[in-house]
Amino acid sequence: MSGLREAVIGKFQDVYGDAPKWVARGPGRVNLIGEHTDYNDGFVLPMALDRAVWIALTPSDDRRVTLHLMDFGKQVEFSLDDIAKGDHTPLEYVKGVAAMMIADGHVLKGWQGVMKGDVPIGAGLSSSAALEMAVARAFCAISDIPWDAKGMALLGQRVENQWLGLKTGIMDQMISAAGEDGHALLIDCRALEWKLAPVPAGSVAVIMDTGTRRGLVNSAYNERREQCEAAAKHFHVKALRDVSVEQFTAHESELNDLTRRRARHVVTENARTLAAFEAMTAGDARVLGALMDASHDSLQFDFEVSTDALNTMVAIARRHPACYGARMTGAGFGGCAVALVNSEYSEEFAAWVQPQYQTSTGNTAALYVCSAAQGASVSLVDSL
């Protein structure tokens, strides 16, 4: 049994004086490759993490949702009959999920719960999608609604786009909703379909938190979306996903330098992501690692969303003999990198990288050896 599962069950008993009925969880995610391709209708290759948001809950006698937030030491509540937007806090994600489920015609019941997570906030590991999918799982359990991974992922995206006003793609919610043990998912962000990609035997993902957080990212993110849209318009296609590497190479001289480099990243990143899926299917960790290396270089020089801290972390990781490849992960401008590492030496790798990085940057890093986990789930408290 997970330590966090035990923690939320124990706290629930302390707060409410009885045992909860269910425990829901929504995992965070790391994207192995396929960055800034999602809003270009392209391909991404994330895996759900064995780090998650956990909620212990039981039905309430009314239509109120009461939630004790262990990570923040406070209790929040709202009525399902009067859901109003408020300040951007964790409660807004809970309210947003409820509001979108009601808008979709679901009849929701109230509940009491306790929540705690171990997905680092602001590190680019999608703690928000983990929270959304945990809450969606909780509402589905309490209200007898069948779980629909694709439908709930889309609902979670609407929470971010419509309730919170954030321009986010579908990747985070989709992998949190539909992940599988031991596998990443190759997600087609246009068709919203996915294929299982087994993590190569004998390798693990090590997430390397640089200790820096994204700043001023929204304006830069929107600029890059506009640059990608301009390039797609030049090629007379709906999105850059429709441009092959060969087509791009034949016509790249027609674009100005900035647009050319932005488009080159997206076009080649889509090709790398599809190649990475083939490498994973073949169990080839070395090819997958080389593609991750190439992805980082493209994000650093063509898309220009990396930072000195991320570049330093990646360079140090690549020097360790157990590392197959490393890259920044997430939107960029801070947060985390990810390395594919020989599992036999993963702890040694983490212990070696951390002080090297601190000496080079003065920042304190946190490294997490992670396994590919199942997507959002719910279980009865008397089951293991």
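Helices (H or I, at least four residues) and strands (E, at least two) are DSSP runs, numbered from the N terminus. I am working on a predicted model, where local features need pLDDT of at least 70, side-chain atom pairs count only at pLDDT 80 or more, and totals for chains, interfaces and linings use all residues. Residues are numbered from 1 along each chain as its sequence is written, and side-chain values use heavy atoms, with hydrogens and water left out.

**Sheet**

I looked up strand E9 and strand E10 (residues 336–342). They run antiparallel and are joined by 6 bridges. Thr 329 stands opposite Cys 336 in E10.

How many strands does the open sheet have, and in what order? I found 4, in the order E9-E10-E8-E11, with antiparallel pairing. Strand E9 (323–329) and strand E11 (366–370) are the edge strands, as each pairs on one side only. From one strand to the next, the twist averages 20°.

Next I checked which helices lie across these strands. I took contact as heavy atoms within 4.5 Å. Angles run from 0 to 180 degrees between N-to-C directions, with axes fitted to C-alpha atoms, for helices over the stretch in contact. Helix H9 (residues 285–301) lies across strand E8 (203–209), E9 and E10, at about 35° to E9. Helix H10 (residues 308–319) also lies across E8, E9 and E10, but runs at about 170° to E9.

**Salt bridges**

I counted a salt bridge where a side-chain nitrogen of Lys or Arg is within 4 Å of a carboxyl oxygen of Asp or Glu. The structure holds 22 of them. One that I looked up joins Glu 92 to Lys 95, with the closest N and O atoms 2.7 Å apart. Where do Glu 92 and Lys 95 lie? Both are in helix H2 (residues 90–103), 3 residues apart, about one turn of the helix.

Definitions and conventions. Pairing = 2+ DSSP bridges.
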